[in-house]
Amino acid sequence: MALSGLLLVSYVGFHMLGNLQVFEGAHALNGYAAFLRDMPILLWTARIGLLSLAVLHIVLAIRLTLRNRRARPVAYAVREYRQASFASRTMAASGLVLLLFIIFHLLHLTAGVIDPSFADRLDAEGYRDVYGEIVHAFQNPFIAALYLAGQLGLGLHLSHAVTSSLQTLGLEHAAFNRFFKTAGPTVALVVVLGNVAIILAVFLRIVRG
Ligand code: HEM
């Protein structure tokens with residue numbers, strides 16, 4: 001779970017960095033999207049790899065939850081948390097929100113099913129107009145709110161997951177423990193801030209078509 005999770009996190013980080021090119025304009029973002037799509041072997045290897053990692057991650061999460069439940073079939077009479085953070089106690093819920101967000105996101109921007117009006121438009125240079133699609137999407141308050149809700153799930157999930165994965169992989173050392181503890185919340189904050197900046201910049205018309 002830890003390894004598949006960390007690989008997925010690195011995708012989310014690179015995806016956010018790529019999408020930040022929306023601030024450089026249509027030429028930069030559409031050129032970048034075309035560059036990724038122009039390498040079908042690499043694109044499909046990455047897609048199949050990502051999908052396999054996500055399925056593996058979810059199957060292992062379900063197995064781990066069932067094993068935990070079996071280890072303690074009788075619920076605690078009193079629940080008083082001393083160590084467990086809110087993010088760690090809500091991993092299943094934030095994971096589910098994230099999964100629903102990803103399904104919606106793929107139907108929306110990859111498959112163009114949610115809003116087909118913009119899906120196959122080309123820009124002046126003949127590239128697929130991903131920039132126009134994003135601007136069109138986040139000007140809609142309903143879509144912007146759904147994406148912001150997805151970021152809440154993403155932030156909560158990453159903030160516990162990254163720290164916990166580093167522990168699982170045995171990266172514990174007195175000298176670095178503070179770094180490992182803050183790694184999760186820091187990664188979560190950076191990724192969520194990057195994504196939220198894109199959504200709000202479009203919604204507030206700082207970035208426009
Ligand atoms: C503001 C936030 C985001 C924006 C603007 C955005 C934008 C996009 C766009 C434009 C595409 C389609 C690319 C193409 O078809 O050429 C895409 C695909 C995708 N996005 Fe996002 N995304 C965001 C957040 C996320 C997050 C948080 C995740 C995962 C947790 C994610 C996962 C994916 C995946 C798995 C794909 C499919 C990649 C593929 O088709 O090869 N995205 N995104």
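**Note on a predicted helical model with a ligand**

1. Helix α5 is the biggest contributor to the shell around the ligand, giving five residues. Helices here are DSSP runs of H or I with at least four residues, strands are runs of E with at least two, and both are numbered from the N terminus. The model is predicted: local features need pLDDT of at least 70, side-chain atom pairs count only at pLDDT 80 or more, and totals for chains, interfaces and linings use all residues. Residue numbers start from 1 along each chain as its sequence is written.

2. Seven helices each supply at least two residues of the shell around the ligand: α1, α2 (26-37), α3 (40-71), α5 (91-110), α6 (130-138), α7 (141-168) and α8. There are 20 residues around the ligand, and those that come nearest are A33, L109, T110, N195 and I198. A residue is near a molecule if its C-beta atom, placed from the backbone, lies within 6 Å of it. By class, the shell holds 13 nonpolar, five polar and two charged residues. Nonpolar covers Ala, Val, Leu, Ile, Met, Phe, Trp, Tyr, Cys and Pro; charged covers Asp, Glu, Lys and Arg; the others, Gly among them, are polar.

3. How do helices α1 and α8 pack? Helix α1 (residues 2-19) and helix α8 (residues 177-203) meet at an angle of about 35°, and their axes are 10 Å apart. The axes are lines fitted to C-alpha atoms over the stretch in contact, and the angle, from 0 to 180 degrees, is taken between N-to-C directions. The crossing of α1 past α8 is left-handed, that is, the near helix is turned anticlockwise from the far one by less than a right angle.

4. On the α1 side of this contact are V9, V12, G13, M16 and N19; on the α8 side are V187, V191, G194, N195 and I198. Six of the residues in the contact of α1 with α8 are nonpolar, four are polar and none is charged. Contact means C-beta atoms, placed from the backbone, within 7 Å.

5. The chain as a whole has eight helices and zero strands. Its C-alpha atoms fill a box of roughly 60 × 35 × 35 Å along the principal axes. Of its 209 residues, 22% count as buried, meaning 20 or more other C-beta atoms within 10 Å; exposed means 12 or fewer, and partly exposed lies in between, with C-beta atoms placed from the backbone. Among contacts between residues at least 6 apart in sequence, 74% join residues at least 24 apart.

6. Two residues in the segment after α8 can be checked: R205 and R208. R205 has a positive phi of about 65° although it is not a glycine, and it counts as exposed because it has 10 C-beta neighbours inside 10 Å. R208 is exposed because it has 9 such neighbours.

7. M39 sits in the loop between α2 and α3. It is exposed because 11 other C-beta atoms lie within 10 Å. Its C-alpha atom is 26 Å from that of G194, which is 155 residues away along the chain.

8. On confidence, the average pLDDT of the chain is 93, and 100% of the residues score at least 70. pLDDT is the predictor's confidence in each residue, from 0 to 100. Confidence is lowest in helix α4 (residues 86-89), at a mean of 90, and highest in α1, at 97.

Conventions. Two residues are in contact if their C-beta atoms, placed from the backbone, lie within 7 Å.
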